[in-house]
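Subject: Structure for you to look at

Hello,

Here is the structure I promised to pass on. Please open it first; my notes follow below.

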Amino acid sequence: MPADHDFTVTPYAVEGDVDYDRLLERFGADALTDEQRATFPDPVHPLVRRDVFYAERDLDPFLDAANAGETHSIVTGRGPSGPMHLGHVLPFYFAKHLQDRTGAVVYVPLSDDEKYFLKDQSLAATSDHVRENMRDLLAVGFDPERTRIVVDTADADVLYPLATAFAADVTQSTVEATYGAPANVGLSFYPAVQAAHLLLPQLVEGRHPTLVPIAVDQDPHVRVCRDVAGKRRYDVAKPGALLSKFLPSLAGPGKMSSSGDAPDVLLTDDRETVVEKMRTHAYSGGRSSVDAHREHGGDPTVDVPFLLLQYFFEADDERLERLAREYREGSLLSGELKDIAAEQVADFLEAHQERRAALGPLEEELPPFRLTERERVEARRRVGYPDDALVQQ
Ligand code: TRP
């Protein structure tokens, strides 16, 4: 960690106690304003309303287009490093929430190359994770007319020419200044691939506002992409970003979801398992004994079960406020709050699991979500790659 920084945030390392406000100064992004929050389509999603998404870059053009019914798109991807857990899937449900309300086009890239470069994980294992993750992404219920799923290695006919075009505009010293020294040349090149993801909607559909809702550690990718877009070699606007704080793991708020020793809630967990994990592992803002809790009350602001309800699972403001009040007063016990949160998480997971189980084989489900031939040709053409460059079989 550089000496003047007591915390580090890059896509590849989060260390120290993250100061979210100082991070914005460091990254040069802006805090989300109340006016912007209120401009999101109704009902405003809890992740926006309740300060999980807390910062932005160029959000207004996206909101304007969304509210005016003009073309607007969202890019939200997944690094297939293993099975998806609860925290991983929430951004996709957020994207679907917007798609349902405004008709946003949603692009979902899976960066199997990135995770192969980053993890000690075989290509075969990565490919298994891609297939499993894909089923979870399909279970979210996106509209196939307005959603495109791409995989870096499987859609290389499009993504490689795009990444090649953009890589020429990213220097090695930019990569090192932005991410630290990359572990291998794959990771050195990867920012150009993620730039291809973030510009893909505009390369397919023409110039329009794009929003990338992501955890703040991914912002470096957005910055590199915005620099590339700013060179104006291609007719694209800089993609906007909606940056979130890290969702709490069961081990406690402020920690990265993959750290700590508490187990994650998996998308495959049944109700009993969710209740057990919540009761045994969820960090509580309650007192150490029932008597002390009844007398002094608990602190919902650090209580993971409460935060889960606040951030995603309880949309009703009045009910949430009542739970907070009863918890502070001590009439609601931490075990009771854990059970309430566990039941709501389990309801959500059951619905997700039912949709997932109802899917047919990937070979049947995926094709409507893949780029069409015309879309592939368009995207390549917009970076200047000729239509006849590929030898037809
Ligand atoms: N790099 C992201 C991760 O490690 C995954 C990702 C790939 C992504 N392309 C993206 C996220 C585009 C948002 C937008 O999790």
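Let me start with Arg232, which comes after α11 and has a positive phi, near 60°. Before I go on, some ground rules: this is a predicted model, where local features need pLDDT of at least 70 and side-chain atom pairs count only at pLDDT 80 or more, while totals for chains, interfaces and linings use all residues. Residues are numbered from 1 along each chain as its sequence is written, and side-chain values use heavy atoms, with hydrogens and water left out.

Helix α11 itself covers residues 219-230, twelve in number, and spans 16 Å from first C-alpha to last, close to the 16 Å expected at 1.5 Å a residue. That expected span is 1.5 Å times one less than the number of residues. Helices here are DSSP runs (H or I, at least four residues), numbered from the N terminus. Nine of the twelve residues of α11 are buried, so the helix is largely enclosed by the rest of the structure; buried means under 20% relative accessible area (1.4 Å probe, protein chains only). Among them are Asp219, His221, Cys225 and Arg226.

Next, the domains. The assignment, which is automatic or from a database, gives domain 1 (18-244) and domain 2 (271-357). Their C-alpha centres lie 30 Å apart, and 15 residues of domain 1 are in contact with 16 residues of domain 2, contact being heavy atoms within 4.5 Å. About 1400 Å² is buried between the two domains, with carbon and sulfur atoms giving 57% of this; buried area is the accessible area (1.4 Å probe) that two parts lose on being put together, summed over both. On the domain 1 side, Arg50, Leu86 and Tyr93 lose the most area to domain 2, together 41% of what that side buries.

Four salt bridges cross this interface (a side-chain nitrogen of Lys or Arg within 4 Å of a carboxyl oxygen of Asp or Glu). α3 (46-49), α5 (86-102) and α7 each supply at least two residues of the side of domain 1 that touches domain 2.

Leaving aside residues up to four places away in sequence, Gln121 touches Pro80, Ser81, Lys115, Tyr116, Thr126 and His129.

Happy browsing, and do write back with any thoughts!

Best wishes

How values were computed
Buried < 20%, exposed > 50% of the residue type's maximum accessible area, 1.4 Å probe, protein only.
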